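The following exercises concern the structure shown below.

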Amino acid sequence: MTNVKEYPDTADHTKIVSGIFTFLKYVILVVACLIVLIPLVVVFLGSLKGNTEFLSSNVFALPTKIEWSNYKTAFIEGQVLEGFKNTIIILLFSCVGTIITGSMTAYVLQRFKSSFGTVVKAAFLLATLFPNISMQVTVYRIVNSFGLVGSMAAPIILYIGTDIISIYIFIQFLNNISYSLDESAIIDGANYFTVFFKIIFPLLKPAIATVLIIKIVSIYNDFYTPQLYMGKTKPVISTALYNFIGPFGAKWEIIFAGIVICIIPTLIIFITLQKYIYAGLVNGSVKE
């Protein structure tokens with residue numbers, strides 16, 4: 001009698017493997033969500049507690065008495081309003097300058113192939129290899145020699161001039177825009193400035209939204225640059241709450257309340273701009 005070796009059904013095996021991978025995927029997503037949400041919950045609960053309860057209770061314990069005064073103290077004594085004003089001014093000039101200089105630089109490097117452009121790209125890549133902190137002594141001396149220390153011009157210039165990531169983001173988006181657009185406009189008599197600002201620049205909306213989100217979040221959360229070049233004379237949102245940290249301890253419940261206040265604008269900006277990131281890269285462009 002011949003023994004017939006039975007093999008498991010291939011389709012069933014594929015379903016089992018697929019189910020395992022799906023389960024692991026959702027487990028990873030849940031863990032990632034918890035890593036993001038747990039610190040936010042801790043900060044929010046801590047912002048509602050008094051100083052004694054904050055120091056003695058568990059971080060996940062609900063407050064026995066809600067202290068809304070923490071938010072009032074953080075907003076008024078922490079100079080949050082002035083910090084918001086200075087941050088908005090810095091963000092406005094820095095983002096506009098970054099978008100204009102970054103997109104124009106990327107357009108030149110991507111559209112005009114030359115040895116000079118290759119050298120510039122290599123210089124940008126080389127600059128990313130050096131940590132910013134290693135060059136701060138030289139940068140500070142240069143900024144100080146121009147008399148910009150203590151003013152908002154110092155961080156604005158540094159934010160615009162050191163944004164290499166935005167250039168590469170614009171270059172990647174420009175790779176998806178057909179050269180036919182440039183050629184057609186030039187044949188019709190347009191110069192390169194007209195081509196860029198009237199044809200190419202409007203098609204960079206997804207890239208602009210991406211750069212804006214990265215730039216806004218990085219500037220909004222940056223503590224080192226404003227603290228070094230502006231100090232306490234002109235507080236921004238990231239340095240305003242530093243007033244509640246002293247040599248004899250910190251008022252963490254008030255700092256947590258200030259953090260919650262600071263998170264809200266960032267959340268609103270992200271929700272407003274995220275749809276542009278997932279939009280079509282080059283709507284209406286000519287396909288070759």
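**Exercise 1.** Determine what the mean pLDDT of the chain is and where pLDDT stays under 50.

*Solution.* Step 1: the mean pLDDT (the predictor's confidence in each residue, from 0 to 100) is 81, and 89% of the residues reach 70 or more. Step 2: over residues 280-288 pLDDT stays under 50. Step 3: where pLDDT is low, the predicted coordinates should not be read in detail.

This is a predicted model, in which local features need pLDDT of at least 70 and side-chain atom pairs count only at pLDDT 80 or more, while totals for chains, interfaces and linings use all residues. Residues are numbered from 1 along each chain as its sequence is written, and side-chain values use heavy atoms, without hydrogens and water.

**Exercise 2.** Identify which side chains meet in a salt bridge, and explain why the pair ties together parts apart in sequence.

*Solution.* Step 1: a salt bridge requires a side-chain nitrogen of Lys or Arg within 4 Å of a carboxyl oxygen of Asp or Glu; the count comes to 1. Step 2: the partners are Asp-182 and Arg-111, at 3.1 Å from N to O. Step 3: Asp-182 lies in helix α9 (residues 179-187) and Arg-111 in helix α4 (residues 80-111), so the pair links parts 71 residues apart in sequence. Helices are DSSP runs (H or I, at least four residues), numbered from the N terminus. Step 4: both residues are buried, that is, under 20% relative accessible area (1.4 Å probe, protein chains only).

**Exercise 3.** State which residues Ile-90 is in contact with, leaving aside its neighbours within four places in sequence.

*Solution.* Contact means heavy atoms within 4.5 Å. The partners of Ile-90 are Met-152, Pro-155, Ile-156, Tyr-159, Ile-219, Met-230 and Val-236.

Conventions: Helix = DSSP H or I, 4+ residues; strand = E, 2+ residues; numbered from the N terminus. Buried < 20%, exposed > 50% of the residue type's maximum accessible area, 1.4 Å probe, protein only.
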